[in-house]
Amino acid sequence: SIPNGVNKIGASAFYGCEELVDINFPKNLKYIDTGAFSGCEKLEKVILPDGLLELSSNAFKDCKGIKEVHLPESLYYLGESAFDKCSEIEKLTILGPEIIDKESFNLFKLNDLYIGDNVREIHYGNYFSGTYGKGSIEKIRISSNLEYLSSSVINAGENYKYNYYNGQRYLGNENNPYVLLLVSENYSSKEKIVAHEDTRVVTVH
C-alpha cells in the first residue's frame, strides 16, 4: 500500500517492479507522473481513486498482466500511451477524462467496455476489440455526450447484440441506444442512410 498522505507518484517511481501484483492507491492521490509504473509486468488490476486529476504518458506502459482498469470521473488528463502494450485488459471503465488522447489504449481482449458520460472525444490510435477482432465484446456502454470518435476505434465483433434502426448498427447506453452509428467500411456514397434522431456520432466500422 502507498500511504494516504501521498498525493503524487513521481516519474518512473515503480518502473520495472516485475514482482508488483497489486496496488492500493492513496485516497488523496492527485497525480501519477510519466512512466510511474511502466514495466510492472505482473500487475493485474488498476483501480484509480476518485480525486485523481492527472495520469501522465506511459504511466502503465508495458504492464502486460493487467486485466482490469478503472479511470475515475475526476480525471481531467490522460497522457499519450498511458496503457500502451497492456494487451491483456478485459474490463475497462472510463468515467473521465473528457478527451481520450491518441494511442492511450490498444486492446484486443476486451469483454466489458464502459465509457461514462463525461467522455466527449476518443482520438485516433485507440482500439477497443474483443479477442483479436474475432470474439465479441460482451458489454459495451457508450457516453451519451460523445462528440467525436475516430474511425475503426471500436470493434464489437459480429456476434455482439447491436441496436438497429433502418438496418444500421448502433451502440449506445441505457438512456440512448442510438448514440453511435457504425457505418460499414464497404458503404457506398450512393447509399442513403437515415440516422436515428438521437444519434450523436457517425463513424466507419
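**Salt bridges, core and cysteines of a predicted model**

Glu98 and Arg120 join their side chains in a salt bridge, with N and O 2.9 Å apart; a salt bridge here is a side-chain nitrogen of Lys or Arg within 4 Å of a carboxyl oxygen of Asp or Glu. The two residues connect distant parts of the chain, 22 residues apart: Glu98 sits in the loop between S7 and strand S8 (99-100), and Arg120 in the loop between S10 and strand S11 (121-122). Strands (E, at least two residues) are DSSP runs numbered from the N terminus.

The structure is a predicted model, in which local features need pLDDT of at least 70 and side-chain atom pairs count only at pLDDT 80 or more, while totals for chains, interfaces and linings use all residues. Residues are numbered from 1 along each chain as its sequence is written, and side-chain values use heavy atoms, with hydrogens and water left out.

Arg120 also meets the side chain of Glu147 in a salt bridge, at 3.2 Å from N to O. Because Glu147 lies in the loop between strand S13 (139-141) and strand S14 (148-149), and Arg120 in the loop between S10 and S11, this pair ties together parts 27 residues apart in sequence. Glu98, Arg120, Glu121 and Glu147 are linked in a network of salt bridges. Three of these residues are partly exposed, a class between buried (under 20% relative accessible area) and exposed (over 50%), computed with a 1.4 Å probe on protein chains only: Glu98 has a relative accessibility of 42%, Arg120 of 22% and Glu147 of 44%.

The model has nine salt bridges in total. Another of them joins Glu88 to Lys109, whose closest N and O atoms are 3.0 Å apart. Glu88 is in the loop between S6 and S7 and Lys109 in the loop between strand S9 (106-107) and S10, so parts 21 residues apart in sequence are tied together. Lys109 is partly exposed, with a relative accessible area of 22%.

The interior comes next. A nonpolar core is a set of buried Ala, Val, Leu, Ile, Met, Phe, Trp, Tyr and Cys residues joined through side-chain atoms within 4.5 Å. The largest such core has 53 residues, and Phe37, Leu55, Phe60 and Phe83 have the most contacts inside it. At least two residues of this core come from each of strand S5 (68-71), strand S7 (91-94), strand S10 (112-115) and strand S18 (180-183). Beyond its neighbours within four places in sequence, Leu55 is in contact (heavy atoms within 4.5 Å) with residues including Ile32, Leu71, Tyr77 and Phe83.

The structure contains zero disulfides, a disulfide being a pair of cysteine sulfur atoms within 2.5 Å. The sulfur of Cys63 is too far for a bond, because the closest cysteine sulfur, in Cys40, is 5.0 Å away. Cys86 is likewise in no disulfide, and its nearest cysteine sulfur, that of Cys63, is 5.1 Å away. Cys63 is buried, with a relative accessible area of 0%, and Cys86 is also buried at 0%.

On the surface, Tyr31, Tyr76 and Tyr77 form a nonpolar patch with about 310 Å² of accessible area together. Patches are made of residues with over 30% relative accessible area and no salt bridge; like charges are joined within 9 Å, and nonpolar side chains (Val, Leu, Ile, Met, Phe, Trp, Tyr) within 5 Å. Accessible areas come from the Shrake-Rupley method with a 1.4 Å probe, and for residues only the protein chains shown count as cover. Tyr76 lies in the loop between S5 and strand S6 (77-78) and is exposed, with a relative accessible area of 52%.

Note on methods:
Helix = DSSP H or I, 4+ residues; strand = E, 2+ residues; numbered from the N terminus.
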